[in-house]
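I opened my notebook to look up a few things in this structure. Here is what I worked from.

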Amino acid sequence: MRWWLRARRALSVLLVALGVFTAAVMVLGDATVELPSLLSGSANPVLFVLMAPIPVVAALELSLGSRLVEAEETATRRVRALDSGLVIGVCATALAVGGAIHLLTGNEHAVASGRNVVFLTGLLLCVRVFVGQPAIAAPVLWVFAVIFVGYSGGGHWAFWTVLPKPSGDAPAALAAMLALTIGLLLHGTVRRTVAPSIT
Amino acid sequence: MTLQLRACTYAYRPWARPVLSGLDYRLPPGVTVLLGPNGAGKSTLLRLAAGVTRPRAGSVSLDDLPSQARAYRGAVAWMPQHITAMTALTAREQVAYTGWLKGMNRADAWTASATALARVDLADEADTRARRLSGGQLRRVGVAAALVHGARVLLLDEPTAGMDPRQRRVFRDVLATLTDEVTVLLSTHDVADLAEESDHVTVLEAGRIRYTGSTEGFLSHAPADAVAGRRAEAAYTALSETTA
């Protein structure tokens with residue numbers, strides 16, 4: 001188990017990323033920046049904290065990609081189950097961090113940031129079974145899509161955006177859980193085959 | 001303990017031309033060298049035999065065990081062409097991790113990793129980070145990882161690629177010390193170096209078995225005037241030209 005954790009760089013990558021996430025959520029709070037919305041043509045107030053999950057999701061991709069392919073593909077131990085546990089652990093930690101910051105500072109966006117880690121992680125897992133490492137682009141593109149085409153003016157965000165929704169938004173919470181569940185199912189079942197360089 | 005591929009067809013994409021088509025192959029006991037040009041399907045055959053990929057049609061089994069069975073994966077070791085150098089692990093930890101993944105407990109895997117690295121003459125680099133090893137050293141880590149859990153079938157894809165002559169000698173010594181209970185299938189382009197020391201030779205061309213049989217039978221394809229030490233190369237060339 002210890003070797004598996006070291007192979008996944010759990011301490012050097014994941015813990016650092018969770019630390020960055022914690023600091024970002026605490027420091028950024030409800031700070032916003034005005035960015036143009038391509039839908040409404042006006043400026044929309046974007047929370048800096050929307051970006052906070054990106055380091056965690058990127059670290060998860062790096063961690064899951066840091067694998068001893070030749071041995072893990074033919075292992076008798078359930079490596080994918082361990083990986084799923086790692087993903088759930090990271091998501092649970094992000095949720096706990098968000099909840100704790102909310103309790104300490106009263107920051108309403110902290111819990112939503114934890115939820116957003118769950119959603120973007122699910123999105124990452126759904127895409128990475130098909131494209132591998134470039135899947136890290138999916139959460140980043142989602143954030144940019146939310147910022148530039150998710151705002152329809154008057155304080156309204158499109159239903160699909162998830163990220164800017166308040167922490168008590170039930171559909172957003174459901175979407176996050178659904179994305180993670182589907183992502184974990186795909187991660188546990190789909191085997192991506194890459195042709196060897198010389199057959 | 002017989003590894004067998006029955007009517008195996010495999011293509012990397014559903015719409016692509018199959019790399020292997022209806023292949024029947026029974027791996028004989030002892031050491032078998034798998035020869036063939038680039039693109040012949042050698043790595044694909046080894047991946048199917050390792051259970052890394054499943055055939056689109058047909059089956060792969062070890063005696064009665066299908067390749068998707070956990071016991072199958074425990075009995076088979078696979079060394080691919082590309083060996084991963086784990087950033088955070090030393091050579092010994094990487095080999096031990098492989099043993100742990102194959103079901104060994106931590107203490108046994110740790111002990112066996114030292115033995116396996118010593119067998120491939122890499123004991124001095126056991127505590128070196130895997131990413132700092134040279135290409136040849138990393139391949140020896142790959143060989144050690146294949147040996148660590150005492151698999152009954154070793155599937156080695158180009159094990160001597162990138163090794164210097166001394167390292168290849170060490171590898172041949174490892175092959176020679178394997179007990180009769182271990183079956184080995186290794187692919188190589190190093191015809192002269194390995195084929196003459198193996199028990200059997202299989203030649204794969206365009207996804208079809210061109211020749212499979214004893215090494216003596218294979219060498220008999222060499223012209224009578226073939227230079228000693230080059231007979232395997234001459235036999236392989238003769239077989240290839242017959243096909244062409």
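**Spans in chain A**

I began with residues 110-131 of chain A, whose end C-alpha atoms lie 31 Å apart. This span is 100% helix and 0% strand. Helices here are DSSP runs of H or I with at least four residues, strands are E runs of at least two, and both are numbered from the N terminus.

I noted the ground rules next: this is a predicted model, where local features need pLDDT of at least 70, side-chain atom pairs count only at pLDDT 80 or more, and totals for chains, interfaces and linings use all residues. Residues are numbered from 1 along each chain as its sequence is written, chains are lettered from A and ligands numbered from 1 in the order in which they are written, and side-chain values use heavy atoms, with hydrogens and water left out.

I then looked at residues 45-64 of chain A. That stretch is 60% helix and 15% strand. Its end C-alpha atoms are 34 Å apart.

I picked S113(A) in helix 6 (residues 109-131) of chain A. S113(A) has a relative accessible area of 1%, so it is buried. Buried means under 20% relative accessible area, exposed over 50%, and partly exposed in between (1.4 Å probe, protein chains only).

**Helix 6 of chain B**

Does the length of helix 6 of chain B agree or disagree with 1.5 Å a residue? The helix has 13 residues (165-177) and should span 18 Å. I found 19 Å between its end C-alpha atoms, which agrees. The expected span is 1.5 Å times one less than the number of residues.

Which residues of this helix are buried? They are Q167(B), V170(B), F171(B), R172(B), V174(B) and L175(B).

D164(B) caps the N-terminal end of helix 6 of chain B. One of the side-chain oxygens of D164(B) lies 3.1 Å from the backbone nitrogen of R166(B). I also checked D164(B) against G22(B): their C-alpha atoms are 37 Å apart, and they are 142 residues apart along the chain. G22(B) lies in strand 2 (residues 20-27) of chain B. At 39% relative accessibility, G22(B) is partly exposed.

**Cysteines**

How many disulfides are there over all chains? My search of the whole structure gave zero. A disulfide is a pair of cysteine sulfur atoms within 2.5 Å. C91(A) is in none, and the nearest cysteine sulfur, that of C126(A), is 12 Å away. C91(A) counts as buried because its relative accessibility is 2%. C8(B) is buried too, at 0%.

I searched the whole structure for cavities of 30 Å³ or more and found two. On a 1 Å grid over the protein atoms alone, a cavity is a set of points where a 1.4 Å probe fits but cannot get out; a pocket is an open set with protein on both sides within 12 Å along at least five of seven lines; lining residues have an atom within 4 Å of a point. Points are joined across faces, edges and corners, and a volume is the space filled by probe spheres set on them.

The largest cavity has a volume of about 120 Å³. It has 16 lining residues, and E70(A), W78(B), T98(B), A145(B) and A146(B) are the closest to its centre. Helix 5 of chain B gives the most to this lining, with four residues.

The second largest pocket holds about 180 Å³. Its lining has 15 residues, with V31(B), L175(B), A176(B), E197(B) and D199(B) nearest the centre. Helix 6 of chain B supplies the largest share, three residues.

**Positive phi**

Most residues other than glycine have a negative phi. I looked for exceptions. R9(A) has phi near 55°, and sits in the loop between helix 1 (2-7) and helix 2 (10-28) of chain A. A206(B) has a positive phi of about 50°. A206(B) lies between strand 9 (200-205) and strand 10 (208-214) of chain B, in the loop. With a relative accessible area of 59%, A206(B) is exposed.

Conventions. Polar contact = N/O pair within 3.5 Å; in protein donor to acceptor, adjacent residues only side chain to side chain.
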